[in-house]
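Try each task before you read its solution.

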Amino acid sequence: MKFYSFVLAKPVLYYMGGEFKVNESWQHRALFHKGDYEIIFCNRGPIYLQVGDDKYILNKNQVLIVPPFTHYFGYRKNPSGADFYWLHFFPQEKVSEFDAKESDVISRLKTNTSGKHDDVTLPIIFDLPDYEDAVVTIHKILAAKKKITYMEKRDFLTSALLIELFDSYVNQHNPNEENAKIDYIKEWIRAHMSNKINVEVVANSVNLNRDYLTRIFKKQTGMTILQYINKQRIDVASLLLVRTEMSIKEIAYSSYFTNPKVFMRRFKKDTGLSPSEYRGLYSNIHLNNTHVDPFIPVPSRIADSINESVDARLEDNLTS
């Protein structure tokens, strides 16, 4: 499997991004990127993509990384269409690209035998269990104002997204029995969310002592069960605010709050914004339905990075 290791001693440089939606037969057009990496987050698939000589099928809640200087295209039509986010960025540090067994890479990452603490290693395609968390970050990136004073913010948000993806990828491969229990509990909570769910309900349903459950959950996640439940409710509300036109009252009930006023207080406490302010700030993203990757002029602040990437690639080709 192909892997990419991004060094984040300096933040990556955000270039462009958006969300693509189509509800009819569609096939990704052929593209070639000049020095930039692209991350594709699948909301609805399958999406059939050939990257270089390799073919991939991208399904819901999966992520694909498209490297620079590589031709890629849709090798098959999606009869019912697709829905995905796309983000382009330029690393400021050299990216290590290598082929390896996934088990070997996971083992190395967990033991950190390289001694590095600022690199993020990801495979070319992987599942994303914590997809909702990533979507919230994606919307923050895409909705950031396009003034030059906001560009640095999007760089750091994109770097933070890479770290989120790294954490999610590594943690889903952790064979630790206690971690496996926590993953099961998280999935159970997500599948059984309601306005009546509480610590007692969760403990009884997973056949664990309440005190033991509270202790191991806090140890592994840094949150109590109640804090995690509230986080899930706020995450649901955040997605509904930016992806639907539902009223605040409807969103309150759909995110498992019994009272809209309680929801608004809780949302403001957790996010620092009222639901209406959050919707206004983060719902304005680049949405394109006719084609993917519209031409966007390269900002001057990253033009040098592109040229350096091209020069480095040419030098590698000459010396290899």
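**Exercise 1.** Leaving aside its neighbours within four places in sequence, which residues is Ser-238 in contact with?

*Solution.* Before starting, note that this is a predicted model, in which local features need pLDDT of at least 70 and side-chain atom pairs count only at pLDDT 80 or more, while totals for chains, interfaces and linings use all residues. Residues are numbered from 1 along each chain as its sequence is written, and side-chain values use heavy atoms, with hydrogens and water left out.

Step 1: contact means heavy atoms within 4.5 Å. With neighbours up to four places away set aside, Ser-238 is in contact with Val-136, Phe-267 and Tyr-278.

Step 2: Ser-238 sits in helix α7 (residues 225-243); helices (H or I, at least four residues) and strands (E, at least two) are DSSP runs, numbered from the N terminus.

Step 3: check its cover. Ser-238 counts as buried because its relative accessibility is 4%; buried means under 20% relative accessible area, exposed over 50%, and partly exposed in between (1.4 Å probe, protein chains only). Helix α7 as a whole is mostly covered, with 14 of its 19 residues buried.

**Exercise 2.** How many of the 13 residues of α2 are buried?

*Solution.* Step 1: find helix α2 at residues 131-143. From first C-alpha to last, α2 reaches 18 Å, close to the 18 Å expected at 1.5 Å a residue; the expected span is 1.5 Å times one less than the number of residues.

Step 1: count. Ten of the 13 residues are buried, so α2 is largely enclosed by the rest of the structure. Among them are Tyr-131, Val-136, His-139 and Leu-142.

**Exercise 3.** Which residues have the most contacts inside the largest nonpolar core?

*Solution.* Step 1: a nonpolar core is a set of buried Ala, Val, Leu, Ile, Met, Phe, Trp, Tyr and Cys residues joined through side-chain atoms within 4.5 Å. In soluble globular proteins, nonpolar side chains tend to be buried together.

Step 1: the largest core has 74 residues, and Phe-41, Leu-64 and Leu-122 have the most contacts inside it. Helix α2 gives the most to this core, with eight residues. Apart from it lies another core, of 17 residues, including Trp-188 and Leu-213.

Step 2: Beyond four places in sequence, the contacts of Leu-122 include Phe-3, Ile-65, Leu-162 and Phe-166.

**Exercise 4.** Is Leu-128 buried or exposed?

*Solution.* Step 1: find Leu-128 in the loop between β12 (125-127) and α2.

Step 1: Leu-128 is buried, because its relative accessible area is 3%. Residues it touches, not counting those up to four places away in sequence, include Phe-41, Val-63, Ala-134 and Leu-165.

**Exercise 5.** What does the side chain of Asp-155 reach at 2.8 Å?

*Solution.* Step 1: locate Asp-155 in helix α3 (residues 151-171). Asp-155 counts as buried because its relative accessibility is 4%.

Step 1: the side chain of Asp-155 reaches the backbone nitrogen of Tyr-14.

**Exercise 6.** What is the order of the strands in the open sheet of four strands?

*Solution.* Step 1: the order is β3-β8-β5-β6, with antiparallel pairing. Two strands pair if DSSP finds at least two bridges between them.

Step 1: look at the edges. Strands β3 (31-32) and β6 (54-58) each have a single partner strand, so one side of each is left without a neighbour in the sheet.

Definitions and conventions
Polar contact = N/O pair within 3.5 Å; in protein donor to acceptor, adjacent residues only side chain to side chain.
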